[in-house]
Amino acid sequence: VTERKWWKDGVVYQIYPASFKDSNGDGIGDLNGIISQLDYIRSIGVNVIWICPMYDSPQVDMGYDVRDYEKVYEPYGTVEDMERLIAECHVRGMRIILDLVVNHTSDQHAWFRESRSSKTNPKRDWYIWRPARYDSNGNRKPPNNWLGNFGGSCWEWDETTQEYYLHLFCPEQPDLNWENPETRQAIYKSAMEFWLERGVDGFRVDTVNMYSKGEMMDAPVSDPESEWQFAGFQYCNGPQMTQYLNEMNEILEKYDAMTVGECPHTPDMARVLKYVSAKEKQLNMVFQFDVVDIGQGPYKFQTTPKNYTLPSFKRAIARTQDIIRDTDAWTTVFLENHDQSRSISRFASDAPEHRVASGKLLALMCCALSGTLFIYQGQELGMTNFPIEWDMSEYKDVDSSNYYAMVAQRSNNCSNALVSAKASLQHLARDHARVPLSWSTGPHNGFSPADSKAQPWMRPLDDAHVCNAKQQQTDKSSVLAFWKRMLQLRREYADLLVYGEFDDLHEEHEELFVFAKTWRGQKAVTVLNFTDREVEMKLPKEIAGAKRELLVSSVDDVMEGALGSYEGRIYLLS
Ligand code: TEU
Ligand code: CA
């Protein structure tokens with residue numbers, strides 16, 4: 001069915017530079033910190049690393065606001081450190097991919113500073129400028145009613161030149177004008193070729209489906225209380241996307257570079273398939289939001305914990321798995337990244353007595369699904385969300401603070417509303433993924449050197465005594481040890497586990513996730529118990545009757561006919 005490629009068998013480990021490892025004691029993770037732990041990363045059994053933006057940036061959105069693509073953010077290191085990191089990956093037989101953030105730049109990028117300097121500047125058209133509209137009372141209004149991804153209008157007024165510019169994220173992240181061919185060439189040269197020439201093996205492509213904005217008409221009213229309306233279906237997947245991606249692909253192909261595109265607001269599976277079909281030459285694979293959006297409210301945060309059912313979770317997974325059924329396309333497997341709270345807290349249980357079992361259950365599930373597997377730093381240890389007791393001041397992300405401010409403003413600081421806003425953030429905020437990695441029980445959880453004066457930029461977790469990398473490396477019953485074992489099995493049974501065809505065998509079961517993987521004559525069945533109770537094992541007749549061999553279980557004491565709480569298993573059928 002599908003051609004084999006290095007990036008298909010690849011297991012990618014995602015690194016958030018600010019929070020991975022601080023080598024020099026300024027409280028901020030850095031490139032030398034990453035280099036110092038490459039052997040640890042390799043020991044997990046992954047063979048690709050993805051580093052979140054390490055470019056020069058004022059850090060309004062943690063580096064997703066790039067000031068200069070050809071420089072490194074000073075606290076992280078230098079371009080020479082990056083060259084060393086690339087080389088150190090390659091000597092270990094690992095690949096390295098970067099985050100390509102080219103839908104927008106920082107408002108401090110030289111291109112934007114020129115663009116905003118006057119209406120006649122040669123770079124004026126490199127960003128998206130529009131005149132104001134005026135209502136019947138003569139009040140100035142933005143060109144349309146689009147709601148930004150971090151709340152508020154997508155348009156910012158510029159006093160000097162008396163026009164609005166578009167920013168789908170923060171006002172400090174103006175959107176580039178991809179319709180201008182000169183802009184595109186500059187992007188390819190500065191953001192892509194500069195790093196491809198230095199040996200990087202590909203890119204995770206940020207908000208890849210937003211380059212072409214279409215007609216920019218008003219969005220339909222979905223929130224009558226607000227002036228700004230959700231417009232994701234309008235500014236995503238616009239008419240020129242195919243052309244732009246084909247263009248980028250020509251450059252990438254020269255370097256045999258891989259791409260994984262981030263694809264928000266795209267429920268249309270036909271469109272997704274077009275992005276990732278090999279013959280279309282657009283992207284190798286995408287991150288869809290089907291799974292990680294599950295249980296979110298209209299404003300993402302307006303929700304209660306576990307506001308979804310297991311069947312809906314399974315359906316979301318099935319949609320992403322089916323991308324490779326009878327196609328030339330490829331898919332991804334992931335439960336976490338820097339934009340998501342921790343998977344144990346969201347999809348299983350972070351109660352102390354269930355944390356380890358939950359971490360192993362989800363590891364087993366991920367390793368049994370087809371596609372390129374992505375693991376986010378700390379996921380290999382079973383790190384969880386920080387607790388509700390932490391003060392609001394521990395949340396550093398603009399997405400979180402904007403949401404909290406919006407609730408405060410809309411409710412007139414009503415304390416009940418604020419308590420429930422904080423509860424949603426405790427469940428879903430991006431901050432949970434961004435705390436320092438728990439390396440040990442030492443000072444700062446081993447994230448910064450023991451004698452460092454500076455405090456880590458985010459508060460380290462309180463539970464390093466029960467969850468840290470140092471201890472788990474020698475503990476055979478740890479979440480980390482289980483991930484290593486599972487990744488080993490995934491390599492051994494790659495046909496079935498990485499490339500096999502997925503079938504949900506019990507779509508409506510509320511407690512068990514039971515799925516088959518098939519490759520030519522071979523078949524494996526995975527059974528996962530998503531409850532904190534023992535559950536009777538229900539296999540479809542034809543499988544219950546067949547001869548089966550237990551390949552792995554996430555617990556030591558395997559029962560007959562039932563699964564323990566949060567237990568997962570894989571059987572090989574013969
Ligand atoms: O995210 C794009 C995106 O659409 C979301 O997942 C976003 O994080 C969410 O709407 C916030 O609630 C990417 C990056 O992964 C993210 O970290 C950046 O903030 C964003 O682009 C802007 O570059
Ligand atoms: Ca540092």
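1. The shell around ligand 1 has four nonpolar, three polar and six charged residues. Here Ala, Val, Leu, Ile, Met, Phe, Trp, Tyr, Cys and Pro count as nonpolar, Asp, Glu, Lys and Arg as charged, and the others, Gly among them, as polar. Of the 13 residues around ligand 1, the nearest are Tyr64, Asn149, Phe169, Pro264 and Asp339. A residue is near a molecule or strand if its C-beta atom, placed from the backbone, lies within 6 Å of it.

2. This is a predicted model, in which local features need pLDDT of at least 70, side-chain atom pairs count only at pLDDT 80 or more, and totals for chains, interfaces and linings use all residues. Residues are numbered from 1 along each chain as its sequence is written, while chains are lettered from A and ligands numbered from 1 in the order in which they are written.

3. An unreviewed UniProt entry annotates residues 14-429 as "domain: Glycosyl hydrolase family 13 catalytic". UniProt positions are given in the numbering used here, feature names are shortened, and annotations may be inferred rather than shown by experiment. Over residues 14-429 the chain is 33% helix and 12% strand. Helices (H or I, at least four residues) and strands (E, at least two) are DSSP runs, numbered from the N terminus. The end C-alpha atoms of this stretch are 18 Å apart.

4. Next, α13 and α17. The axes of helix α13 (residues 355-368) and helix α17 (residues 479-492) come within 9 Å and cross at roughly 15°. Axes are lines fitted to C-alpha atoms, for helices over the stretch in contact, and angles run from 0 to 180 degrees between N-to-C directions. α13 and α17 are therefore roughly parallel. Angles under 35 degrees count as roughly parallel, over 145 as roughly antiparallel, 65 to 115 as roughly perpendicular and the rest as oblique. By class, the contact of α13 with α17 has 10 nonpolar, one polar and two charged residues.

5. Helix α7 (residues 181-196) and helix α9 (residues 241-254) have axes that come within 11 Å and cross at roughly 40°. That makes α7 oblique to α9. Arg184, Tyr188, Met192 and Glu193 of α7 meet Tyr244, Glu247, Met248 and Ile251 of α9. Two residues are in contact if their C-beta atoms, placed from the backbone, lie within 7 Å. This contact of α7 with α9 has five nonpolar, no polar and three charged residues.

6. The axes of helix α14 (residues 398-411) and helix α15 (residues 415-428) come within 9 Å and cross at roughly 160°. That makes α14 roughly antiparallel to α15. The residues of their contact divide into eight nonpolar, two polar and no charged.
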